[in-house]
Amino acid sequence: MSTSDMSQTGDGRARRVDARANRRRILDVAEEVFGKGGESASTEEVARLAGVGIATVFRHFPTKAALLQAVLVRRFDRLREQAEALLGTTDPGSAFFEFFRHLVADAATKIAIAEALLDAGGDSDGEATQASNGLRRAVGALLQHAQQAGAVRDDVELPEVYALLVATSRAAAHTNLDDEVKARALAIVFDGLAPHRNARVQAHQQPELSQPHGQPPT
């Protein structure tokens, strides 16, 4: 390889490194900007705060929706990785409840980015949805481990637990709950998920009410 070829190869590698650094910086800034401003935030603001030109932003992400989708996918993937890292903990119950609490605390930013993506015409069934499903599966694994450890009641399944998680997250994000109210709300949810006698078993053990003579039970 000639000296000229080596120089060109070195320059190409440096450009690729710079491009990766720019992409990472754009995503970092976009996550903060859209997490705070939602659909009202702009790619121009992202470019300015990232210290790059708007052309650089669009070279990496051709549309605002593409940028938002990349931000949301990265956020879901990061949360999934955090959940998966907790699967090996020696205290599955604490891991599940702490991660539930973490997702609620994270909700406002995530919802703002997701709503900005929809406003920008993003594909609701695209990569972001796949990444969201990956996070859901990781939460399901945490739930299963917590149930096996006896930390979560065994008569609940992921669909209803995830419904509670989504509802609590949206309430915390959209109703501006203060920390004390949010903590009490989570305590109520966690109390409902704690192990206790199965309600169906309790119902079977209740004494039957006496019925008037000749009247069938209701």
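Does Ser 169 count as buried or exposed, and at what relative accessibility?

Figure 1. The model shown here and in the views below is predicted. Ser 169 is a residue of helix 7. Its relative accessibility is 8%, and because the limit for a buried residue is under 20%, Ser 169 counts as buried. Leaving aside residues up to four places away in sequence, Ser 169 touches Leu 103, Val 104, Ala 107 and Ile 111.

**Figure 2. Confidence along the chain.** The average pLDDT of the chain is 85, and 83% of the residues score at least 70. Residues 198-218 have a pLDDT below 50, and beyond near neighbours in sequence this stretch makes seven contacts in the model.

Figure 3. Helix 6 covers residues 127-148. Its 22 residues should span 32 Å at 1.5 Å a residue, and the end C-alpha atoms are 32 Å apart, which agrees. The buried residues of helix 6 are Ala 128, Ala 131, Gly 134, Leu 135, Ala 138, Val 139, Gly 140, Leu 142, Leu 143 and Ala 146. These buried residues pack against helix 4 (64-85), helix 5 (92-119) and helix 7 (158-174). After helix 6 comes Gly 150, which has a positive phi, near 80°.

**Figure 4. Helix 4 and its buried residues.** Helix 4 has 22 residues. From its first C-alpha to its last, helix 4 reaches 32 Å, close to the 32 Å expected at 1.5 Å a residue. Buried in helix 4 are Ala 65, Leu 67, Leu 68, Gln 69, Ala 70, Val 71, Leu 72, Val 73, Arg 75, Phe 76, Leu 79 and Ala 83.

Figure 5. Gly 121 sits in the loop that runs between helix 5 and helix 6. With 59% relative accessibility, Gly 121 counts as exposed, since that class takes values over 50%. The C-alpha atoms of Gly 121 and Ala 65 are separated by 6.4 Å, although the two residues are 56 residues apart along the chain.

**Figure 6. The largest pocket.** The volume of the largest pocket is about 530 Å³. Helix 4, helix 5, helix 6 and helix 7 are the elements that give two or more residues to its lining. There are 21 lining residues, and Phe 76, Lys 110, Ala 114, Ser 132 and Arg 170 lie nearest the centre of the pocket. Helix 5 supplies the largest share of the lining, eight residues. By type, the lining residues of this pocket divide into 13 nonpolar, four polar and four charged.

**Figure 7. The largest cavity.** One cavity of 30 Å³ or more is found in a search of the whole structure. The largest cavity has a volume of about 30 Å³. Helix 5 and helix 6 are the elements that give two or more residues to its lining. The lining is made up of Phe 96, Phe 99, Phe 100, Leu 103, Val 139, Leu 142 and Leu 165. Helix 5 gives the most to this lining, with four residues. The lining residues of the largest cavity comprise seven nonpolar, no polar and no charged. Among them, Val 139 and Leu 142 are also buried residues of helix 6. Leu 103, another lining residue, is one of the residues that Ser 169 touches.

Methods
Residues are numbered from 1 along each chain as its sequence is written. This is a predicted model: local features need pLDDT of at least 70, side-chain atom pairs count only at pLDDT 80 or more; totals for chains, interfaces and linings use all residues. Side-chain values use heavy atoms; hydrogens and water are left out. The expected span of a helix is 1.5 Å times one less than its number of residues. Buried means under 20% relative accessible area, exposed over 50%, partly exposed in between (1.4 Å probe, protein chains only). Contact means heavy atoms within 4.5 Å. pLDDT is the predictor's confidence in each residue, from 0 to 100. On a 1 Å grid over the protein atoms alone, a cavity is a set of points where a 1.4 Å probe fits but cannot get out, and a pocket is an open set with protein on both sides within 12 Å along at least five of seven lines; lining residues have an atom within 4 Å of a point. Grid points are joined across faces, edges and corners, and a volume is the space filled by probe spheres set on the points. Ala, Val, Leu, Ile, Met, Phe, Trp, Tyr, Cys and Pro count as nonpolar, Asp, Glu, Lys and Arg as charged, and the others, Gly among them, as polar.
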